[in-house]
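Hi everyone, thanks for coming. Please have the sequence and the structure open while I talk.

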Amino acid sequence: MSEVKNSFMIIDGSKLIIESLVRSGVEAYVSYPITPANWLNEYATQRFPYSTFAPDEITVLQWASGLSAAGIITATSTSFPGFALMLETVNMAFMMELPLIIVLAQRMGPSTGSATVGAQGDLMLLNGCISGGYNIPVFSISNLIDCWNITSKAVEAAVKLRTPVVLLTSKEMIMTTRSLDTSALPKLEAAELELYKGNGRYLSYEAGENLAPPFLPVTNNQFQVRINSSTHDAAGTIRKASKDALANTLRLHKKIQNRISEFLFYEMDEQPDNKKEILIVTYDITSEAVRDAAAELRSSGVSVSALYVKTILPVHKKIIEIIERYRFVLFAEENATGLLAKIIYGERLNERVKRINKIGLMITPQEIIKEAKECQQISC
Amino acid sequence: MSTNFLLSKETPYCPGCGHQTATLSLANVLEKLNYDPLDVIVVSDIGCCGLIDPTLACHTVHGLHGRATALAAGISLAIEDKKKKVIAIQGDGGATIGIAHLMEAARRNINLTLIILNNMIYGMTGGQLSGLSHNKFRSEKLQFDENEEPFDITELSTKAGASYASRIIGKGDFSDKLAEAIKHDGFSVVEVLEVCPSYGVKKYSEIENYGYTEKKFITRREPYYLKRKIKKTLFDESEIVFPEFSSNIENKLKIIIAGSAGEGVQTSADLLAKASLYAGLHVTKKGDYPITVGSGFSIAEVILSKFPINFTGIHKPDVLIITSLDGLNMVRDKIGADMLVIIDKSISALVEKERIEFDFRLTAGKKGATIGAIAFWLIQSKIFSIDALIKAAGESKHGKKVIDSILKIRNSFSKELIY
């Protein structure tokens, strides 16, 4: 797809994400203004059947949870300062098993940092955002097409797993306009909640083999629904630490861990010679630099592979498996210390693991090329 | 005792707890008003008041400390069926921490009833005082300064826009006093003053001694409903561009346009992007400007290429177009060798490196200077036809004015000037 043909338009990631959310079955959007999610909010107001502004980010996610409990799949967007305020409610929605989609548009921190400077600084926070060591699924967008496809998959995951999910992106991805062949965008299916169809008493948190309980809205007139944020049993009744309540809590962990494979997305650009020497691992906005770097490295005779991680949390064993095959692994991410590298390797980074990090500006293809060439020299 | 709404005579409260009376009164009023339990959704807070859930036969939602009003508001926003009833239950502690949620529900007059069970104490954590504790009340653990007046939640809610607010002294069955609030369309708040035999006020007479009296405020106001509206797709087919021109570029071309905010820099760069698409090129465009938007610099970065573009950053531009001093100050350190610098004549002397200068501001005015400079560059470089830019401009909001600026520039420089 090199030639510009007749189906191109100038578009931005924010527009693609919002249109994809709606076509994928999200009906409501609650927002609070924050840079760099401004365009997302603007488009959402124009597009969602239900859209409203809340007075702060805590209210945003509480309202979103209420809408979701009533069976209306809801999304929002924010950036770190807003997400920090949402954190308790993210835990609530995880415990209540309410599908929510949070588009997290990263900007440079710490704190309020620089609102109009992009970054990839929130992955570590997302990995630990649920008290007790659980994960919510986090999906990452690597280009404009992902703004469409991965967004849709994130909605599907939220709905099928009955969980809040984070769609991770950053300023440069959603506030840059670009030409795009819109005919390359596949048709999307709207995700639908699996409703309880039994005849007996409905236990709000009784799950079958797929570990996600069937849903009923709190507006239904057939069965009583009990939704609970505190430790609860299968009926949704508050329990301190009873055996069945603990089993229910642990099910939440298993649900995500066991079923994330259904929503595993990554792009592996394997080096043609299959040497397994150098692998560049990346996600989000740095993916675009890695794509250029990999092409240039290959044209100059350096053999590299590139892994673009899109289902980023929980870290899937398949991702580790790919990484382990390589002699050198370069993690390219726009933050100070290498968050994905740390999540995978902890503090035990070894000499085969290199980090390419930067703050304040996007990592350039040239910076990646330089590191890869140094690995090649050691390798030779 | 109600049979429809209470699942059991057993309740989880301490003997003599005000919440016991409140639970029975709530169940009674819902039954008296003939509600189907599955038309009622009770959203409870953290604290002793949140123990109500398991006693009820209606839908129950047990949320976070202080957030019950917001969560209930979210549920209410989803409901258009007027037979449904959403009720939030909070304690005085929850109402204090979540007071902003309460104010917003009142401001919008969101259709739900909030019952605040005010026993003047955080019971579950051992008896701390809240923003609704009376200043004469003394907790065994903490003491208020007499000057720390409590919120009057009924007056506060009314001032914030709640269409119904009342205070009830929660002695005996008060279901009849609740009925009006439950039936109310819009946001209704009921503060119930209660005893807490473990930590709080032990007798209702003591509450009355503090000077509390029952009261009620009713304001006629339409409730807020979030209505479902089907809206159009964001994909406007008319935005699809059919390439009509050709381009002679071979390599990726990186352009930085630097000017002043409010002078059409971003719009001009958008038009260049669209014109490039008309010329069959792939394009990316991004903007950078201060958060004030309307003052200071405005920078746009545009990349053009025959091939799809991945990385959208510009480390070193091939073309630098500068139309104001604000813009020059932002990009001065980017000026280097092997790049084409096109600059407004008024600031040209401030640059030492090789550059092409022209009176963009004088010729096309400050708002036309940037599009004029882009036109100037296109005509000189022959990257693609200026007609592509004119076509893109013609489709823009202020098409005529923009085309005027382009034509002014085109007509006013001599072709001999070209390189």
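This is a predicted model: local features need pLDDT of at least 70, side-chain atom pairs count only at pLDDT 80 or more; totals for chains, interfaces and linings use all residues.

Residues are numbered from 1 along each chain as its sequence is written, chains are lettered from A and ligands numbered from 1 in the order in which they are written, and side-chain values use heavy atoms, leaving out hydrogens and water.

Let's start with helix α9 of chain A, residues 286-299. Helices here are DSSP runs of H or I with at least four residues, strands are runs of E with at least two, and both are numbered from the N terminus. The expected span of a helix is 1.5 Å times one less than its number of residues. For the 14 residues of α9(A) that gives 20 Å, and the end C-alpha atoms are 20 Å apart, so the two agree.

Is α9(A) mostly covered or mostly open? Mostly covered: 10 of its 14 residues are buried, meaning under 20% relative accessible area, with exposed being over 50% and partly exposed in between (1.4 Å probe, protein chains only). Among the buried ones are Val290(A), Ala294(A) and Leu297(A). The cover includes β9 (176-181), β13 (304-309) and α12 (365-379) of chain A. After α9(A) comes Gly301(A), with a positive phi near 90°.

One of those covering strands, β9(A), has a partner. It pairs with β1(A) in the antiparallel sense over five bridges; two strands count as paired if DSSP finds at least two bridges between them. Within that pair, Ile10(A) stands opposite Ser179(A). Strand β1(A), residues 8-12, is mostly covered too, with four of its five residues buried.

Now the first sheet. Five strands of chain A form an open sheet in the order β11-β13-β12-β15-β16, with mixed pairing. Its edge strands are β11(A) and β16(A), each pairing on one side only. From one strand to the next, the twist averages 15°. Here β11(A) and β13(A) pair in the antiparallel sense over four bridges, and Asp269(A) stands opposite Ala306(A). Helix α12(A) packs on this sheet, touching β12, β13, β15 and β16 of chain A, and its direction makes about 170° with that of β15(A). Angles run from 0 to 180 degrees between N-to-C directions, and axes are lines fitted to C-alpha atoms, for helices over the stretch in contact.

Over to chain B. The axes of α12(B) and α14(B) come within 8 Å and cross at roughly 50°. That makes them oblique to each other, because under 35 degrees counts as roughly parallel, over 145 as roughly antiparallel, 65 to 115 as roughly perpendicular and the rest as oblique. Where they meet, the α12(B) side includes Phe376(B) and the α14(B) side includes Ile406(B).

Inside it, β3(B) and β4(B) pair in the parallel sense over five bridges, with Ile89(B) bridged to Ile115(B).

Last, find Phe53(A) in strand β3 of chain A. At 35% relative accessibility, Phe53(A) counts as partly exposed. What does Phe53(A) touch? Its contacts (heavy atoms within 4.5 Å) include Trp63(A) and, from chain B, Arg108(B), not counting residues up to four places away in sequence.
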